[in-house]
Amino acid sequence: MSIILSLETSCDESAAALVSDERGKIELIANEIASQIEEHANWGGVVPEIASRRHLENLPILIEGVFSKSKINIQNIDAVAATVTPGLAGSLLVGSITARTIANLHQIPFLGIHHLEGHLSSIYLSKNHPKPPFLVLLVSGGHTELIKVDIKHKYQRLGRSHDDAAGEAFDKVARLLGLPYPGGPAIQKTAKSGDPKKFIFPKGRVSKPEGGFYPYDFSFSGLKTAVLRQIEKIKSENKKLPIEDIAASFEYVVAEVLVERSIKCALDEGLNSLVLVGGVAANVRLRKMMLAKASENAINIALAPMEFCTDNAAMIGAAALLRLSSKKIQSSMELGVSARWPLEKSDLLYECNPPF
Ligand code: KG4
Ligand code: ZN
């Protein structure tokens with residue numbers, strides 16, 4: 001059995017967790033998180049400088065917290081993991097340097113984790129998780145991707161957003177409606193009492209240069225503009241803004257487009273298992289619509305547990321355990337951080353000569 005201390009500091013959540021694997025099953029021992037959302041909400045989005053400062057203050061308290069809330073002592077851990085890419089470089093550095101320092105002091109392996117592999121691994125924190133091959137819809141504040149996982153750690157991106165990520169669209173539309181950051185939970189709450197069919201917003205297709213459309217790609221910037229135009233039109237008519245109906249119609253079209261293209265992709269690829277992860281995967285309408293459409297098409301859906309959809313360190317620990325159990329078991333202490341790095345090349349994070 002291995003016990004891992006894992007850290008997540010890629011954006012606006014500072015988090016630490018202890019996870020273990022017993023007979024191949026991933027167990028969460030302790031999970032601490034300090035959200036900076038309220039502070040960033042004052043600015044309408046994440047302020048990188050504030051984020052890194054807060055990670056620096058929060059991390060020692062969170063690490064102390066996971067040990068004091070479990071019977072585990074720091075001498076009992078077998079490895080330390082931290083997110084090293086993608087994300088805000090200054091924020092990533094805080095987690096990565098902390099992890100490397102602990103690994104060095106205790107002479108244990110350090111594992112740098114790709115944040116998207118972390119999100120993917122959140123599915124292993126659920127009781128009934130599928131085994132590859134499966135298709136993953138990863139929808140967060142920074143990414144909207146359809147990823148085929150043939151075997152463990154072999155990723156093929158089949159679809160992506162060409163502009164805003166789905167979570168980013170939620171955040172931007174919330175701002176247009178005068179709702180707080182982060183927009184996803186605020187829109188979900190407001191949309192509850194709205195009519196999802198009141199406004200017909202566009203589904204955003206991406207054209208191929210040779211004609212036709214990319215079947216599994218997304219575009220959300222036109223949708224945001226359509227919402228803005230609708231708001232301007234209603235305001236110009238001096239009518240009261242039906243915030244609930246706009247929120248519901250927006251949420252509905254985003255969910256519909258994500259569901260339709262994911263199911264089509266799974267069917268075309270002959271995959272009968274579809275996994276939903278990332279912050280937007282916490283959206284209740286999306287979860288319900290995905291389950292309904294999948295059952296019509298005999299596709300099994302695995303939903304990331306609600307509490308592990310948005311950023312957390314438990315998913316980073318799960319990813320590290322899955323790496324530890326495969327051949328390449330640790331990262332070089334020379335591995336730094338990177339604001340961007342393709343998921344398909346995440347094996348390189350475990351090379352003796354790291355890519356960054
Ligand atoms: O995965 P995450 O915590 O961070 C990134 O890696 O980006 O995702 C954050 C995003 C934000 O854009 C937030 O608005 C969205 O996830 N989100 C939601 C919900 N909860 C969080 N979007 C829709 N519905 C939700 N319930
Ligand atoms: Zn994330």
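In this model, Ala81 stands opposite Leu111 in strand 5. The model is a predicted one, in which local features need pLDDT of at least 70 and side-chain atom pairs count only at pLDDT 80 or more, while totals for chains, interfaces and linings use all residues. Residues are numbered from 1 along each chain as its sequence is written, chains are lettered from A and ligands numbered from 1 in the order in which they are written, and side-chain values use heavy atoms, with hydrogens and water left out.

Ala81 is a handy way into the sheet. Ala81, in strand 4, is also the bridge partner of Ser6. Helices (H or I, at least four residues) and strands (E, at least two) are DSSP runs numbered from the N terminus, and two strands pair if DSSP finds at least two bridges between them. What is the order of the strands in the open sheet? The 5 strands line up as 3-2-1-4-5, with mixed pairing. At the edges sit strand 3 (25-35) and strand 5 (110-114), each pairing on one side only. Neighbouring strands are turned by 25° against each other on average, direction ignored; axes here are lines fitted to C-alpha atoms, for helices over the stretch in contact, and angles run from 0 to 180 degrees between N-to-C directions.

Two of the helices that pack on the sheet are helix 3 and helix 10. Helix 3 (residues 89-106) touches strand 1 (2-8), strand 4 and strand 5, and its direction makes about 155° with that of strand 4. Helix 10 (residues 314-324) touches strands 1, 2 (13-22), 3, 4 and 5, at about 135° to the direction of strand 1. As for strand 4 itself, 7 of its 7 residues are buried (under 20% relative accessible area; exposed is over 50%, partly exposed in between; 1.4 Å probe, protein chains only), so strand 4 is largely enclosed by the rest of the structure.

Elsewhere, Val275 sits in strand 9 (residues 273-277) and is buried, with a relative accessible area of 0%. The C-alpha atoms of Val275 and Phe134 are separated by 7.1 Å, although the two residues are 141 apart along the chain. Neighbours within four places in sequence aside, Val275 is in contact (heavy atoms within 4.5 Å) with residues including Ile123, Pro130, Phe134 and Ala302.
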